[in-house]
Amino acid sequence: MTSTPGDSIPDSDEHLGRRLAAELPRYTAPASLRVAILQAAEPATARRPAWLSPLLASAATAMVFAMFMLTVLPRVQPTDPVDQMVRAVVSEHSRALMWGSRQSQVIPAELPWLQAQSGIGLSSAFVGDDSLTFVSAEPVYLLRQRGLAVHYRDVDGHLVTYIALPADELKVPDRSRVQIDRYRPALVKDSGFVAWVWRQRDVACFLVSDMVSADDLERFKDYFIRVRTSTEPTLAY
Amino acid sequence: MADADFQRDALQHLNALYNFAMYLTRNPPEADDLVQETYLRAFRFSHRFQTGTHLRAWLFQILRNTFLTFYRLREREAAIAEDGVPDWDTPMFHDTPQDEGSAMEAHTDLERAMRRLPEEFRTVLLLAEVEGMPLEEVARVMECPVGTVKSRIFRAKERLRGLLKDYKK
C-alpha cells in the first residue's frame with residue numbers, strides 16, 4: 001500500500017482521528033426533543049402571570065404587618081360596662097368553680113376582716129339555708145376594683161356566687177330586666193353562665209351560676225330572692 | 001430562567017449534544033432525558049454563564065456532569081445489588097421506561113470498539129476528534145489540564161487500535 005502526500009499512515013493517530021470523524025455514525029436529535037425542551041422550559045416563565053409576583057409580595061408584607069399588629073392591638077373587650085363587669089364576674093365564678101376559694105372566711109365572724117380587705121361592708125348577709133348552703137366568702141379584685149365574693153352551693157351541687165363591687169357608673173340595662181317579686185334585676189348571659197345584675201345604692205351586685213335551663217332559671221330566681229332580701233352591701237370607705 | 005436569545009443560542013448545539021449523549025448512554029430514551037435535563041439545567045443557571053466564553057463547552061460540561069451524576073448513582077445502586085452483578089440495563093433516569101428494544105446497536109467495528117472504551121477515553125475522542133473541539137475546550141468539559149487531555153487522547157487511540165486489531169483477527 002502506497003501512501004500519497006497528504007495521506008496519513010494507516011493506524012496512525014492522525015488517521016484514526018479522521019476515521020472517527022468520518023465513520024462514526026452521528027445521531028440527530030428527534031424533532032420532538034426540541035419541542036419537549038422548549039415546553040419544559042416554558043412553564044416557569046409563561047405560567048406565572050406578571051401580576052402574581054407583586055401580588056404575592058404585597059400579600060406577604062400585609063400578613064407580616066398584621067401578625068405584628070396582632071401583638072400590639074388591645075384585646076377585644078365588650079364595650080358595654082355591664083357586659084365587661086359580667087364577664088369579669090363570670091371569670092371569677094369559673095375560677096372558684098374549678099379551684100375553690102383562695103381563702104374561706106366564715107360569715108358573720110369574719111365580716112370586719114372582709115370589709116377591711118374588700119372595701120364592701122355587709123350590714124346583713126345571707127348565710128345560707130336548707131336549699132342554698134354557704135361555702136365561703138373572700139375579697140376579690142376585678143376590673144381594677146376591690147370587691148367581695150360569697151359562694152354558695154345548692155342541693156344539686158350548683159355553685160352560686162354572689163359578688164359585690166363598687167358601682168361607679170354602672171347602669172343596669174332596662175332591656176334585660178326581669179320582674180321577680182318586687183325586684184327588677186337584669187338577666188345577662190355570658191360564656192354558658194347566667195348572672196343576675198342589680199344595684200343597691202352605690203354597690204353593683206351579681207349572682208352568678210350555670211343554671212341556664214328554663215327549669216334551673218326558676219330556681220335561680222328563687223335564689224336571687226333569698227340573697228337579695230337578706231344581703232345589704234354598702235361601700236365601706 | 002433563560003431569556004429567548006440564550007435559549008436559541010443553546011439549542012443550536014442540540015444535535016451535537018444529542019450525539020454525545022447517545023455515545024454516553026447507548027440508549028435513545030436515556031439520551032433524550034439526558035439532553036433535556038442538560039438544557040433545563042442550563043436554562044435554570046444561565047445567569048452563571050459568562051458571556052463571551054464558549055457556550056458549546058459549557059453545555060457539554062453540564063451534560064457530562066449530569067451523566068456522571070446519574071451514572072455514579074446507578075453504579076452505586078448496582079454495587080449493592082444482591083447478586084453483586086451491575087445491571088447496566090437499568091435506566092439511568094428513574095422515570096425512563098425500560099425498553100430493551102431501544103438499546104443502540106453497534107454497526108461497525110469502530111463503533112463497537114468505542115463502546116468498550118472507558119468513559120473518559122470515549123469522551124475525549126468524541127469531543128476532540130468527532131466534534132472537533134480545541135483541546136482547551138475539551139479540557140474545560142473534562143475539568144482537567146490540557147496536558148491531561150492530550151495524554152488521554154493518546155492512550156485512548158492506543159486502546160482503540162488494540163481493540164480494532166482484535167476485531168480483525
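Helix H6 (residues 214-230) of chain A lies across E2, E4, strand E6 (193-200) and strand E7 (203-209) of chain A, and runs at about 145° to E7(A). This is a predicted model, in which local features need pLDDT of at least 70 and side-chain atom pairs count only at pLDDT 80 or more, while totals for chains, interfaces and linings use all residues. Residues are numbered from 1 along each chain as its sequence is written, and chains are lettered from A in the order in which they are written.

Me: What makes E2 and E5 of chain A edge strands?
Reply: Two strands pair if DSSP finds at least two bridges between them. The open sheet has 6 strands in the order E2-E3-E4-E7-E6-E5 (chain A), with antiparallel pairing, and strand E2 (132-142) and strand E5 (186-190) of chain A each pair on one side only, so they are its edge strands.

Me: How do you know that E3 and E4 of chain A count as a pair?
Reply: Strand E3 (residues 145-154) and strand E4 (residues 159-166) of chain A are joined in the antiparallel sense over 6 bridges, where at least two are required, and therefore they pair. In E4(A), Thr161(A) is the bridge partner of His151(A).

Me: Why is the set that includes Leu17(B) called a nonpolar core?
Reply: A nonpolar core is a set of buried Ala, Val, Leu, Ile, Met, Phe, Trp, Tyr and Cys residues joined through C-beta atoms within 7 Å, and buried means that 20 or more other C-beta atoms lie within 10 Å of the residue's own. The largest such core has 45 residues, of which Leu17(B), Phe20(B), Ala21(B), Val35(B) and Leu63(B) touch the most other members, and H2(B) gives the most to this core, with 8 residues.

Me: Which residues does Leu17(B) contact beyond its neighbours within four places in sequence?
Reply: Contact requires C-beta atoms, placed from the backbone, within 7 Å, and Leu17(B) has such contacts with Val35(B), Thr38(B), Leu59(B), Phe60(B) and Leu63(B).

Me: What makes up the contact between chain A and chain B?
Reply: The contact takes 22 residues from chain A and 25 residues from chain B, and H3(B) gives the most to the side of chain B that touches chain A, with 6 residues.

Me: Which part of chain A has pLDDT below 50?
Reply: The predictor's confidence in each residue, pLDDT, runs from 0 to 100, and the mean for chain A is 85. Over residues 1-8 of chain A the pLDDT is below 50. Where pLDDT is low, the predicted coordinates should not be read in detail.

Methods
Contact = placed C-beta atoms within 7 Å. Helix = DSSP H or I, 4+ residues; strand = E, 2+ residues; numbered from the N terminus. Buried ≥ 20, exposed ≤ 12 C-beta atoms within 10 Å, placed from the backbone. Axes fitted to C-alpha atoms, helices over the stretch in contact; angles between N-to-C directions.
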